[in-house]
Amino acid sequence: MTAPAAPTPAGADARPLRLGTRRSALAKAQSQRVADAVAALAGRPVELVEITTYGDTSRAHLARIGGSGVFVTALRDALLRGDVDLAVHSLKDLPTAQPDDLVVAAVPRREDPRDALVARDGLTFAALPDGARVGTGSARRASQLLAHARGHGRAIEIVPVRGNTDTRIGYVREGELDAVVLAAAGLNRLGRSGEVTDILSAGTVLPAPGQGALAVECAAVNGDLAALLAELDDPETRAAVTAERSLLAALEAGCSAPVGALADLLADGQIVNEMRLRGVVGTPDGSTLVQLSTTGPVPASHQHALALGRELASEMLAKGAAGLMGERAH
C-alpha cells in the first residue's frame with residue numbers, strides 16, 4: 001500500500017497537495033474552503049481531485065445501500081492508494097468506527113448544525129397547511145417532523161427525496177412539494193441561505209450527529225501532513241462531535257438510523273464551563289420518541305467526550321431506544 005507523500009517545508013516543494021472531494025457543488029464548496037486554509041498553512045498549492053462515490057450514483061434510499069457511509073468509501077480508498085493526500089468529508093457521513101490506517105487530522109470550526117426549511121411562498125414550518133408535502137431523505141428528520149406536527153395537532157406527509165440541493169429545492173419551485181428540509185450549514189456554504197424560509201430549532205428537530213462539521217482526513221503514516229492539518233482543528237467542535245458520535249456508536253446505530261444528537265457548550269458569563277448533550281431516537285412515523293439530555297463539565301480529553309456520549313446512550317437504551325431502531329445489532 002502506497003501512502004501519500006509527506007509535505008515538505010513551506011516553499012520547498014511546488015507539487016500541489018491533492019485534496020479528494022465528492023463531485024457535488026456542496027462538497028466542492030466546502031472542500032475549497034479547506035483547500036484555501038491548507039494552502040495558506042503549507043505555503044504550496046492545493047488542488048481538488050473530484051471522486052465519484054457510490055452514494056452519488058445510486059438513486060436507492062440511503063438505508064438500503066449502507067447509510068451515508070457510502071459517500072466515504074471511495075475517498076478513503078483514494079487516500080490509501082496515494083491518489084490523494086487528504087480528503088474532506090461531511091462529518092455526519094463518517095461511520096463511527098475509524099480505520100487504523102487513516103486519521104481525522106482536523107475538525108474545523110463547525111457551521112450552523114441545525115436543519116433548515118425551504119418552503120413555497122416563504123412559509124415557516126408552523127405555517128405549513130395541514131397535509132403539507134415535506135421532502136426529506138432522512139429518517140431522523142422525518143421522525144421528528146412528524147412527531148412535532150402531531151404534537152401541535154397537525155398532520156404532514158413526508159415524501160422521500162434524494163439528489164443535490166438544486167434537485168431538492170426544485171421540487172418546491174415546481175410545485176411538487178410544499179417544502180424540503182436541508183442542512184443549514186450546506187445552504188450557508190453554497191451561499192444560498194437567502195432561500196431558507198425557516199430555521200428549525202434543536203428543540204424541534206435535533207440534527208444528525210456531527211451535522212455542520214467537516215472532517216479532514218489523511219493517511220495515519222503521513223505524520224507531517226497530519227501535524228500540519230491539525231492546525232485547522234477546533235477543540236470545542238471536536239469535543240462536541242466526539243460526544244455526539246459516541247452516543248451514535250453506543251446506540252449501535254448506522255449513519256442512516258433516526259438518531260439525532262447535539263452537544264453545545266454552555267457559558268456562565270464569558271466562561272464556558274459545561275457541555276449539554278441532547279439525543280433522540282424515534283420510530284419512522286414519529287409516534288414514539290425517546291429524547292434525553294445530560295449536562296456535565298466540558299470534556300477535558302477525547303476519552304471524557306466519548307464517556308459523555310456513552311452515558312447518555314445508556315440512559316436512552318434503558319428508556320427503550322433499542323426497540324425504535326431497525327438497524328440495531330442483535
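User: What stands opposite Arg276 in E13?
Analyst: Thr295 does. Keep in mind that this is a predicted model.

User: How many bridges join E12 to E13?
Analyst: Nine, and the two strands run antiparallel. Strand E12 covers residues 271-282.

User: What's the strand order in that sheet?
Analyst: E11-E12-E13, in an open sheet of three strands with antiparallel pairing. The edge strands are E11 (259-268) and E13 (289-297), each pairing on one side only. Neighbouring strands are turned by 15 degrees against each other on average, direction ignored.

User: Which helix packs on the sheet?
Analyst: Helix H9, residues 302-318. H9 touches E12 and E13, and its direction makes about 35 degrees with that of E12.

User: Switching to charges. How many salt bridges does the structure hold?
Analyst: 21. One of them pairs Asp115 with Arg140, with the closest N and O atoms 2.9 Å apart.

User: What does that pair tie together?
Analyst: Asp115 lies in strand E5 (residues 115-119) and Arg140 in helix H4 (residues 139-151), so the pair ties together parts 25 residues apart in sequence.

User: Is Asp115 buried or exposed?
Analyst: Buried, at 0% relative accessible area. Arg140 is buried too, at 4%.

User: And which residue does Arg114 meet in a salt bridge?
Analyst: Asp112, at 2.9 Å, N to O. Arg114 is partly exposed at 33%, while Asp112 is buried at 18%.

User: Which residues are linked in a network?
Analyst: Asp166, Arg173, Arg192 and Glu195, through salt bridges.

Methods: Residues numbered from 1 in each chain as written. Predicted model: local features only at pLDDT ≥ 70, side-chain atom pairs only at ≥ 80, totals over all residues. Heavy atoms only, no water. Pairing = 2+ DSSP bridges. Helix = DSSP H or I, 4+ residues; strand = E, 2+ residues; numbered from the N terminus. Axes fitted to C-alpha atoms, helices over the stretch in contact; angles between N-to-C directions. Contact = heavy atoms within 4.5 Å. Salt bridge = Lys/Arg side-chain N within 4 Å of Asp/Glu carboxyl O. Buried < 20%, exposed > 50% of the residue type's maximum accessible area, 1.4 Å probe, protein only.
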